[in-house]
Amino acid sequence: MNYVLFAGDPPPELVGFPDAEAVVVAYLKGVLAGTKVATGVPNPRPDRLVKVTRTGGSRRNVAQDDAMVTLECWDKESADAAALANRVRAHLANFDTVDGYMPRDGEVSGPQFFPDPLTSNPRYQLTVIVRLRARLLEA
């Protein structure tokens with residue numbers, strides 16, 4: 001919406017969105033006991049890790065932002081990495097917090113084998129849409 005301001009008019013309210021990565025990391029940390037969940041890869045990388053990265057998306061409307069989020073899941077064995085990715089997928093299907101949720105049609109790409117190019121360690125990744133809820137920003 002465009003605004004035309006005249007002298008003395010109050011400025012329009014500023015609307016923003018929470019950090020998609022921070023919202024997803026906080027949620028997954030609460031449901032994945034014993035798994036490191038982060039936005040980066042620590043050095044040394046733990047055997048079991050979920051890396052959360054916003055890889056795209058756009059504002060849906062004034063009150064919602066559709067953040068595309070990719071989740072990379074590492075574990076010692078390929079089967080364990082696949083199981084972790086499927087567990088992440090299941091938890092995200094139930095993701096609904098004050099900051100956002102995953103819509104029913106929010107899966108962009110299900111778990112797929114995607115070995116770590118630097119180490120060849122087993123890794124699976126999936127991509128979802130997280131619909132963030134707007135919040136008012138201070139002027």
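Pro44 sits in the loop between strands E2 and E3, where helices (H or I, at least four residues) and strands (E, at least two) are DSSP runs numbered from the N terminus. The peptide bond joining Asn43 to Pro44 is cis, with omega about 5°. This is a predicted model, in which local features need pLDDT of at least 70 and side-chain atom pairs count only at pLDDT 80 or more, while totals for chains, interfaces and linings use all residues. Residues are numbered from 1 along each chain as its sequence is written, and side-chain values use heavy atoms, with hydrogens and water left out.

**Overall fold and dimensions**

- The protein chain has 2 helices and 8 strands.
- Along the sequence, these elements follow the pattern β-α-β-β-β-α-β-β-β-β.
- The radius of gyration of the protein chain is 18 Å, well over the 14 Å that the globule rule gives for 139 residues, so the chain is more spread out than a compact globule; the radius is taken over C-alpha atoms, and the rule is 2.2 Å times the number of residues to the power 0.38.
- Taken along the principal axes, the C-alpha atoms fill a box of roughly 65 × 30 × 25 Å.

**Surface, burial and contacts**

- Of the 139 residues in the protein chain, 37% are buried; buried means under 20% relative accessible area, exposed over 50%, and partly exposed in between (1.4 Å probe, protein chains only).
- The accessible surface of the protein chain is about 8200 Å², and 51% of this area belongs to carbon and sulfur atoms; areas come from the Shrake-Rupley method with a 1.4 Å probe, and for residues only the protein chains shown count as cover.
- Among contacts (heavy atoms within 4.5 Å) between residues at least 6 apart in sequence, 59% join residues at least 24 apart.

**Charges and salt bridges**

- The protein chain carries 16 positive and 17 negative charges, whose mean positions are 4 Å apart; Lys and Arg count as positive and Asp and Glu as negative, with His and the chain ends not counted.
- Each charge is placed at NZ of Lys, CZ of Arg, CG of Asp or CD of Glu.
- The whole structure contains 10 salt bridges, each defined as a side-chain nitrogen of Lys or Arg within 4 Å of a carboxyl oxygen of Asp or Glu.
- One of them pairs Asp47 with Lys76 at 3.7 Å, N to O.
- Asp47 belongs to the loop between strand E2 (36–38) and strand E3 (49–61), and Lys76 to the loop between strand E4 (64–74) and helix H2 (78–93), so this pair ties together parts that are 29 residues apart in sequence.
- Asp47 is partly exposed at 44% relative accessibility, whereas Lys76 is exposed at 55%.
- Arg48 and Asp75 form a salt bridge in which the closest N and O atoms are 2.8 Å apart.
- Arg48 is in the loop between E2 and E3 and Asp75 in the loop between E4 and H2, so the pair ties together parts that are 27 residues apart in sequence.
- Arg48 is partly exposed, with a relative accessible area of 30%, while Asp75 is buried at 9%.
- The salt bridge of Glu72 with Arg123 has its closest N and O atoms 2.5 Å apart.
- Glu72 lies in strand E4 and Arg123 in strand E7 (residues 123–133), so this pair ties together parts that are 51 residues apart in sequence.

**Individual residues**

- Ser120 is in the loop between strand E6 (107–113) and E7 and is exposed, with a relative accessible area of 58%.
- The phi angle of Ser120 is near 65°, a positive value in a residue other than glycine.
- Leu71 is in strand E4 and is buried at 0% relative accessibility.
- Beyond its neighbours within four places in sequence, Leu71 has contacts that include Val24, Leu28, Val52, Val88, Leu92 and Leu126.
- The C-alpha atoms of Leu71 and Thr53 are separated by 6.5 Å, with the two residues 18 apart along the chain.
- Arg131 is in strand E7 and is buried, with a relative accessible area of 10%.
- Arg131 and Leu92 are 39 residues apart along the chain, and their C-alpha atoms are separated by 12 Å.
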